[in-house]
Amino acid sequence: MKKLTTLSILLISLAFVVPAQASAATNAGVKPGSFFYFFDTASEKINLFFTFNPEKKAQKALEYADERLAEAEESANENNPKAVEKAMTGYKEEISLATEKSKGLKDEERAKELLNIVSENTAKHQEVLVSVLEKVPVEAKQAILNAIEVSKKGQEEAVKQITELKSEIDKLKKEVEELKAKNEAQTKETEEIKKQKSGPSISEDTKTVKPTIPPQS
């Protein structure tokens with residue numbers, strides 16, 4: 001009994017020592033190779049097509065990219081290279097769409113927030129993809145490598161756009177401050193001109209001098 005307890009403690013300790021592998025945040029639904037996979041992905045494409053708001057479209061594309069990533073991971077665990085390749089093709093399409101739509105937002109602050117999400121997600125995706133790469137057979141490795149490259153490009157593009165947006169926002173703030181200072185200077189100048197035109201002010205202490213009338217004879 002004492003030996004069993006010691007062994008249990010040892011196993012629990014090892015569980016904390018061994019680093020956890022990166023894993024997709026979303027669970028895979030219908031996987032590639034299933035009869036229903038075509039209908040599943042077709043439904044997503046229709047949903048994206050009828051989503052006209054660029055921000056919502058980018059968010060949905062990121063969700064679908066997470067799902068493709070989970071499909072690839074599970075397919076790799078099942079040693080199904082063709083399913084991995086199919087999932088990775090979909091992943092590349094979704095990441096490209098998310099990055100493209102994020103850049104098109106008119107609201108610079110919202111665009112910056114969304115691009116930050118793209119950057120963070122793609123960084124996590126790359127960790128998962130590297131983990132998947134170690135599991136798949138040789139014939140599926142190229143598909144994973146291509147997906148990693150797309151993910152890196154998506155991240156780089158997002159970071160680039162964030163830097164440009166930050167520069168534009170800072171420039172706009174500077175222009176607003178300069179315009180504000182200019183308006184304040186013009187207002188002050190106008191007030192000075194008005195004072196000059198109105199002439200010197202008469203003090204309240206000024207006394208009115210009455211003319212002296214000579215006495216009558």
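**The core and how its helices pack**

The largest nonpolar core in this predicted model has 35 residues, and those with the most contacts inside it are Val84, Met88, Tyr91, Leu129, Val136 and Ile144. By nonpolar core I mean a set of buried Ala, Val, Leu, Ile, Met, Phe, Trp, Tyr and Cys residues joined through side-chain atoms within 4.5 Å. Buried is under 20% relative accessible area, exposed is over 50%, and partly exposed is in between, with a 1.4 Å probe and protein chains only.

At least two residues of this core come from each of helix H3 (54–77), helix H4 (81–103), helix H5 (108–133) and helix H6 (138–198). H6 gives the largest share, nine residues. Helices here are DSSP runs of H or I with at least four residues, strands are runs of E with at least two, and both are numbered from the N terminus.

Which residues does Ile144 touch, not counting residues up to four places away in sequence? They are Val84, Met88, Leu129, Val132, Leu133 and Val136. Contact means heavy atoms within 4.5 Å.

Now Gln126, which lies in helix H5. Gln126 counts as buried because its relative accessibility is 13%. Leaving out residues up to four places away in sequence, Gln126 touches Ile148, Ser151, Lys152 and Gln155.

Next, the helix pair. H4 and H5 pack at an angle of about 160°, and their axes are 9 Å apart. H4 is therefore roughly antiparallel to H5, a label for angles over 145 degrees. The axes are lines fitted to C-alpha atoms over the stretch in contact, and angles run from 0 to 180 degrees between N-to-C directions. On the H4 side, Met88, Tyr91, Ile95, Ala98, Thr99 and Ser102 meet Ala111, Leu114, Leu115, Val118, Thr122, His125 and Leu129 in H5.

Finally, the chain as a whole. The chain has six helices and zero strands. Of its 217 residues, 31% count as buried. Among contacts between residues at least 6 apart in sequence, 74% join residues at least 24 apart.

A note on conventions. Residues are numbered from 1 along each chain as its sequence is written, and side-chain values use heavy atoms, with hydrogens and water left out. As this is a predicted model, local features need pLDDT of at least 70 and side-chain atom pairs count only at pLDDT 80 or more, while totals for chains, interfaces and linings use all residues.

Technical notes
Angles under 35 degrees count as roughly parallel, over 145 as roughly antiparallel, 65 to 115 as roughly perpendicular and the rest as oblique.
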